[in-house]
Amino acid sequence: MTRHTRILMSVIYWAFIVYLFVPLVLMVTMGFKDSKFIGFPIRGWTLEWYASVFQDTQVLGVFAYSMTIALATTALSLAIGTWIACFLGPHKFRGKLIVFAITCLPAVIPGIISAISLRIFARLIELEPGMLAIILGHTVHNVPFVALVVMARLATLPKSHVEAARDLGADAIVAFFRITLPYLMPALIGAGIFCMLLSFDDFVRAFFLGGYEPTLPVLIFAKLRSGMSPEINAISTVVLLLTAVLGLWAERSMRRLNKGA
Amino acid sequence: MARTESDYAEAAERRVSAGRGGQRRSVWGRLLANDLYQAVSAVLFKSERRQFWLLASLPLLWVFIAHLGPIVQMVWISFVDSYPPTGGRVPQFTVANWTSFFQEAIFVMPFLRTLAFAFVLTLCTLVLTYPVAYFLAKHVKRQNQLLFLLLLLIPFWVGEIVRTYAIMILLGNNGAVNLALKYLGLIDRPIPFMYTSFSLGVGIIYLTSLYMLLPLYSALEKIPNSYLEAAADLGAGSWYRFRRVTLPLSKEGIASGCTLVFLISTGYYATPVLLGGPSTTVFAETIAGFFHVAGDKWPVGAAFSSLMLITTLAITGLFLKLMGRSGRSMMQ
């Protein structure tokens with residue numbers, strides 16, 4: 001590789017980083033601008049928008065609503081995804097490939113189609129649009145990710161560990177809770193945080209499955225349709241900080257997992 | 001040697017009798033010694049077969065009902081004349097929902113536009129992120145790779161709406177791009193980037209490029225440097241090395257990256273609404289239109305969704321086949 005191509009590539013890399021960060025930096029900056037108008041030039045700075053967001057009971061309520069959905073989704077996705085992984089991982093049976101493909105299906109279906117089909121499904125099982133419908137939708141979307149991550153981790157668990165536990169008298173359930181589950185923990189923490197992010201950030205499913213009460217992305221969308229405002233920047237910045245912290249935490253636990261902790 | 005349940009039964013017996021010996025026991029030990037628990041456990045785990053079906057029950061129910069159910073239901077709805085059912089009317093079978101698609105240009109155009117958009121954007125994303133992934137995998141020192149990768153990852157944890165909004169600010173008439181161009185003296189009036197296919201493209205690439213970058217990175221990272229050195233020793237120039245060694249060996253990454261980006265970019269709804277204009281209506285918006293109004297348009301929306309699902313899956317399936325691998329290995 002010549003020196004020129006090497007330099008060219010590092011320029012492309014940094015240009016790409018700039019492309020990724022500049023919009024977000026701008027968005028954060030505009031949240032501190034002392035004017036209702038989003039754009040340049042900036043003449044003064046203020047924290048007023050943050051103050052008004054933290055006093056806005058609607059925003060706080062919606063935040064709590066989104067959080068509840070994310071937590072419930074995460075708990076359900078982890079339970080179901082782990083169960084699927086424990087079933088699909090070690091067992092061989094006819095039709096396994098089909099079951100595996102159906103497990104992955106919700107992860108590859110385009111978002112709008114997934115949302116529409118779940119809306120129709122919710123009507124079929126007579127689930128009113130609202131919190132429960134959103135939780136169902138998000139869980140369906142997240143389960144494949146959990147199952148894949150847990151299956152990867154499960155494949156590295158030496159069979160002898162479980163056998164030793166069984167030799168010492170544990171039954172299948174106790175062996176699962178005392179050997180398999182602790183071994184899966186780093187994968188579960190990582191997958192769990194990603195579930196929270198996916199659920200908290202999701203727009204399209206929440207939009208079609210939600211009732212009158214919006215989730216945070218749906219609220220931001222509705223506000224955006226009636227025009228930009230610095231308050232949206234303030235809300236978005238809080239969301240951005242929260243997701244970055246959660247994401248870094250997830251990344252850390254996944255890295256430790258790869259090192260074989 | 002594979003062990004069976006009967007091998008473990010003896011061990012369990014020993015464990016229980018030891019537990020009764022009055023030593024201190026853990027919660028789990030006490031649970032195992034509990035008569036009721038033993039009875040339940042004995043019924044549940046009587047045979048390998050029963051254990052298998054017990055373990056299989058929830059996963060099979062879940063994936064067939066919750067994963068497959070909505071899709072099957074959607075396809076079924078697309079063949080009836082009215083849904084949700086009203087006033088005890090029995091829905092009649094019809095193909096009118098499907099045929100209505102071909103009768104109106106306002107349906108066909110967004111459909112073709114969505115596919116063309118997704119195709120072009122997938123190609124752009126590939127060209128844009130390949131050097132980035134290559135740089136990361138081959139030029140950054142191994143101990144720094146995590147840091148460089150994290151820098152790319154952080155923006156992608158932020159949700160669709162927030163990132164779309166960030167692009168709106170970037171490309172607005174008073175946004176940073178127009179400001180910079182004006183400052184450089186290239187323009188005196190802001191260029192209207194927003195609500196065009198340009199702004200939509202920038203937004204979608206912004207949302208999807210990670211799904212291309214990560215598969216590319218992991219494919220490129222696996223290529224041993226010795227292969228490239230060997231090619232160089234045999235006199236291959238850098239372009240020839242790239243074309244004959246790097247590119248073929250990163251084919252898997254290209255295939256999964258393109259598949260993911262294509263499928264994901266056809267599915268966005270909010271981003272085209274916010275960044276696009278009347279001339280960039282995508283099929284997701286057309287579909288959504290049938291679900292905003294009262295129920296009787298659902299079957300048409302379901303037919304259109306099914307059409308789009310079948311088309312996108314067929315295109316990606318064909319693509320993966322052309323790339324010489326089955327969809328199955330992509331998932332793993």
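This is a predicted model: local features need pLDDT of at least 70, side-chain atom pairs count only at pLDDT 80 or more; totals for chains, interfaces and linings use all residues.
User: What makes up the contact, and which helix gives the most to the side of chain B that touches chain A?

Analyst: The contact takes 80 residues from chain A and 84 residues from chain B, and on the side of chain B that touches chain A the helix giving the most is H4(B), residues 48-77, with 19 residues. That side of chain B divides into 63 nonpolar, 16 polar and five charged residues.

User: How do you know that the span of H4(B) agrees with its number of residues?

Analyst: With 1.5 Å a residue, the 30 residues of H4(B) should span 44 Å, and because its end C-alpha atoms are 41 Å apart, the two values agree.

User: Which residues of H4(B) are called buried, and what covers them?

Analyst: A residue is called buried when 20 or more other C-beta atoms lie within 10 Å of its own, and in H4(B) the buried residues include B:Trp62, B:His67, B:Pro70 and B:Met74. Their cover includes helices H3, H4, H5 and H6 of chain A, together with helix H16 of chain B.

User: Why is H8(B) called largely enclosed by the rest of the structure?

Analyst: Twelve of the twelve residues of H8(B) are buried, so the helix is described as largely enclosed by the rest of the structure; among these buried residues are B:Glu160 and B:Arg163.

User: What makes the span of H8(B) agree with expectation?

Analyst: At 1.5 Å a residue, its twelve residues, 160-171, should span 16 Å, and the end C-alpha atoms of H8(B) are 17 Å apart, which agrees.

Key. Residues are numbered from 1 along each chain as its sequence is written. Chains are lettered from A and ligands numbered from 1 in the order in which they are written. Two residues are in contact if their C-beta atoms, placed from the backbone, lie within 7 Å. Helices (H or I, at least four residues) and strands (E, at least two) are DSSP runs, numbered from the N terminus. Ala, Val, Leu, Ile, Met, Phe, Trp, Tyr, Cys and Pro count as nonpolar, Asp, Glu, Lys and Arg as charged, and the others, Gly among them, as polar. The expected span of a helix is 1.5 Å times one less than its number of residues.
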